[in-house]
Amino acid sequence: MGALGIALVVLMVAGAIFADLLSLYEPDRISPRDRFSAPSMEHFLGTDHLGRDLFARVLHGGRIALSVALSSILISLIIGVALGLVAGYGPRRLDNLMLLLLDSIKSFPTVMLALALVTLFGPSLTVVMVVVVLVTMPGYARIIRTQTLALKESEFVTAAISLGAGTPRILRVHIMPNVIGPLLILASMDIPVVIAIEAGMSFLGLGVRPPTPSWGAILNDGYAAIRESPWIVVAGGLPIIITTLGFTFLGETLRDVFDPRLDTRR
Amino acid sequence: MAMFMLFCMIYLIPGDPAAVALGPRATEAMREALHIKMGLDRPVWVQFLNFFTDAWTGDLGREVLSDRPVLDVVMEQLPHTLILIAGGIGWSVALGIPLGAWAALKRGSPAERIIGIASVAVIAIPSFVIAIYALLVFAVHLRWLPAIGAGEPGDFKDQAMHLILPSLAVGLGWVGYIARMVRASMLEVLEATHIRTARAFGLPERMITYRYALTIAILPTVTLLGVGIGHMLSSAVFAEIVFARPGVGKLVYDAILTRNYPLVTGGVLVTTVLFVLINLFADLVVGSLDPRVRSRF
Amino acid sequence: MSLPTVNLLTIRDLNVRFATERGELHALRDVGLDIGKERIVGIVGESGCGKSTLINAILGLLANNGRIDGGRILFNGRDLTRLDPKSMQALRGIEIATVFQDPMGALNPVISVGRQMRNIQYRSSLRNKEKDARSVAMLQRVRIPDAKQALHRFPHEFSGGMKQRIAIAMALMMEPALLIADEPTTALDATLEVATIDLLKDLQAGIGCSVLFISHHLGVIAELCDEVVVMYAGEVVERGSTSQVFNHPNHPYTARLLECDPARQAKRTRLLPTIPGEIPDLRHRPPGCIFASRCADHRSACQAPPPEIEVDNGHFARCIHARHHDENSRSRRP
């Protein structure tokens, strides 16, 4: 399962990185003559309603999906770690407040959160990233908080405090190295979730703006023509399936190898 | 808490809802009138208080386009969404429990491995992709099942046929979750002393598996489904849009596209409250199923 | 040797092996014992000495990685090691019943007591009403108050002692020929322990069954059992009547075990005596005497497997130092 996961992930990441080299066409090049052409040697995955080459769009869409996933998870990690440390290491009252905040964010169904935010700010890539941060961040904050609470009481931290180490040093030297493993495993398992959120919102027309290539947007284009040109939705869905499967298999394997105790249920 | 956040959202919405609702040709007087009607002319804290008290009494305001009460419009669509989610639960339980139990009983076999990998796979793949592919394969290509709508009102068979694919899209991921959970808890239960005792009493293996072990192994499913229903609510939104089914998800989505804000807030509020209630209900159901918990009520 | 006709259960040269990730584990070696009709036989030994494996081997419930590697388990003349699973299942619960150690976990938590008792009688042709009546009668015999109502209750509604009595009632419901009791009183406190032992004794006399009673509590064994089997590291090191074994221990392990019994301490002390050393790794079982590594008396002759020596009528010890009772009176050991 792990090997398959790595293979799928490498396939998609390489496709995204070398998108320009691999595709024969510009992803945005409109060619009315080639509208709705079925997959062929010329267009591996066919073309869409504007005659754009779907293979090129899928590869470039991978850039959007992966960069959104990585950057928003990074932001989410930074905020989550900060909040988690404050909640775990800070005063009790702050901890309670933080828990209330995290729980109330989680009490919204994801799609409703996304729809509400789009209503607020209009559709954009930024909103997608905000949704991702709101959905994933509580998990990171929680794991950091729990670990910090446990470590705070441990002997080596007490020893460090008694030796006069300051709070930043304790957090950096003693707490962070101990929480980084489970945190990264959790984050790696969030990648497919994030890719699904981006693609889902783009599919609803609430994510990236056209003509930016995005897998979800390709699905949206193809949905309108699903009877006549089914290859468009096939082209939009396949990379989503491959990427989410690849990262999930990889994440599951990582978790089994490094931390068998981490719960899979979210 | 959720209500507070909702209010903040509406209040922060850029632009004037009245202006959006009335369109570009509205006169200043018309806008003023709608403002007063929507209570937008009053100070913020009054609006805030009004929203709260109104929401508490079940008054979510009026929808902008047809001027009908928001609650009525939302409640009209709610049954469709609930039926869809019920269908999703149906799929996930009907497939997940047998698969999970089977995997536990065939421990170490290829069947167990395949079920394990398939469970991870269906959990990973986003439900809207499953919905679109199911639509493509079974409705468009094979033409086995209808593609769009909820079926003729009153025609039960037609409605059921229309439910199969969307509810599969909603429930398939949870087949994976339930199969994994049932497998794990079944393996745990089969190790228990009372199962050993049952064997020592010479009870038939079938009775031990189904009456003594499985009844315990499936108890956590109910709690899991409590969590799952919230997620299925998300999947239901996509399924309603992909299969063009009526429902709260499609209602809210269409309301966003037409900037019909009272409807958006109403829909989100109702679903969020529903979500919380469902979780509570799931806990109560667990209580009524497990005699160990039941006695505490 | 005792006459096989009066024995209900005869075990000879029983070997059990488990396949583990780190090599094969020889859990039982050449185990032999006899249980006479209507006799109560106790098995003593530290945890890990193979008591539970022995029970599972008798019941045909060894874990999947375990197998019987030679030997016979004769029950009423039938060799259980050669019985197919179906006939074995037919035997369990009817002719051989079992009470396990943990009363909290021994009953199914989500099925009512009455239903579980009815399920045990699934092979009987009685109607449900009659089955329930039998259940009530059985519960009354183990002194469960308000037995009729108890049928509708769930295990968690009973105390630990009551649960254990219900488990005993279930085990004896089909009036088995052999009751296996696996440390049935270990989880109970002292008063309950005495009451449960008395109850078992009464029921045994009433039903006329044999009992294989497993415990590490020597006092309970002395109180209850006619005969004792001492097990160490998967071997029977000594067996005989309770008075023979307790009064004239012939195996050094038995002797040390008796010395370590807190109830036999003459003086109040905070330090209980222990046997130095530890049980050998059963993956690499020494070919000779299993106790040699911890024995104060070991010789070079102990490197060879010791014979089972009959020291008195029906009293056996697996030690080269063992002597027949008459010689034993001029013993080398104080």
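Helices are taken here as DSSP runs of H or I spanning at least four residues, and strands as runs of E spanning at least two. In this predicted model, chain B has 14 helices and zero strands under that assignment, and its elements, read from the N terminus on, run α-α-α-α-α-α-α-α-α-α-α-α-α-α. Of the 297 residues of chain B, 43% count as buried. Among contacts in chain B between residues at least 6 apart in sequence, 70% join residues at least 24 apart.

Chain B makes a contact with chain A that takes 36 residues from chain B and 33 residues from chain A. On the chain B side, α1 (2–12), α6 (110–124), α7 (127–141), α11 (219–242), α12 (248–257) and α13 (261–289) each supply at least two residues, and α7(B) gives the most, with eight residues. By class, the residues of chain B that form this side divide into 31 nonpolar, five polar and no charged.

The confidence of the prediction was examined for chain A, where the mean pLDDT is 80 and 96% of the residues reach 70 or more. Among the elements of chain A, helix α3 (residues 54–89) has the highest confidence, at 87, whereas helix α2 (residues 19–22) has the lowest, at a mean of 73. Over residues 262–266 of chain A, pLDDT stays under 50, and the model has four contacts beyond four places in sequence for this stretch. Where pLDDT is low, the predicted coordinates should not be read in detail.

Chain B is also in contact with chain C, 19 residues of chain B meeting 24 residues of chain C. The side of chain C that touches chain B receives at least two residues from each of α2 (85–91), α3 (103–106) and α4 (113–120) of chain C, with α2(C) giving the most, three residues. The residues of this side of chain C divide into 14 nonpolar, seven polar and three charged.

Chain C contains an open sheet of eight strands in the order β7-β8-β9-β3-β10-β11-β13-β12, with mixed pairing. The edge strands are β7 (96–99) and β12 (309–312) of chain C, each of which pairs on one side only, and neighbouring strands of the sheet are turned by 20 degrees against each other on average, direction ignored. Strands of a sheet pair through backbone hydrogen bonds, either parallel or antiparallel. Both senses are found in chain C: β7(C) and β8(C) run parallel and are joined by four bridges, whereas β11 (residues 235–241) and β13 (residues 315–317) of chain C pair in the antiparallel sense over two bridges. Individual bridge partners include C:I180 in β8(C) for C:T98 and C:A317 in β13(C) for C:E238.

Helix α1 (residues 51–59) of chain C packs on this sheet, where it touches β3 (40–44), β7, β8 (178–182), β9 (210–214) and β10 (227–232) of chain C, and the direction of α1(C) makes about 150 degrees with that of β8(C). Helix α7 (residues 160–172) of chain C lies across β7 and β8 of chain C and runs at about 175 degrees to β7(C). In a regular strand the side chains alternate between the two faces of the sheet. For β7(C), both faces are covered, with C:I96 and C:T98 on one side and C:A97 and C:V99 on the other, all of them buried.

Chain C is divided into domain 1 (7–95 + 176–331) and domain 2 (106–175), the centres of which, taken over C-alpha atoms, are separated by 30 Å. The contact between these domains takes 13 residues from domain 1 of chain C and 13 residues from domain 2 of chain C. Helix α8 (residues 190–207) of chain C provides the largest share of the domain 1 side, six residues, and by class the domain 1 side has 11 nonpolar, two polar and no charged residues.

Finally, C:G219 is found in helix α9 (residues 218–224) of chain C. This residue, C:G219, is partly exposed because 15 other C-beta atoms lie within 10 Å, a count between the limits of 12 or fewer for an exposed residue and 20 or more for a buried one. C:G219 and C:S125 are 94 residues apart in sequence and, from C-alpha to C-alpha, 42 Å apart in space.

Notes: Residues are numbered from 1 along each chain as its sequence is written. Chains are lettered from A and ligands numbered from 1 in the order in which they are written. Two residues are in contact if their C-beta atoms, placed from the backbone, lie within 7 Å. Ala, Val, Leu, Ile, Met, Phe, Trp, Tyr, Cys and Pro count as nonpolar, Asp, Glu, Lys and Arg as charged, and the others, Gly among them, as polar. Two strands pair if DSSP finds at least two bridges between them. Axes are lines fitted to C-alpha atoms, for helices over the stretch in contact, and angles run from 0 to 180 degrees between N-to-C directions. pLDDT is the predictor's confidence in each residue, from 0 to 100. Domain bounds come from an automatic or database domain assignment.
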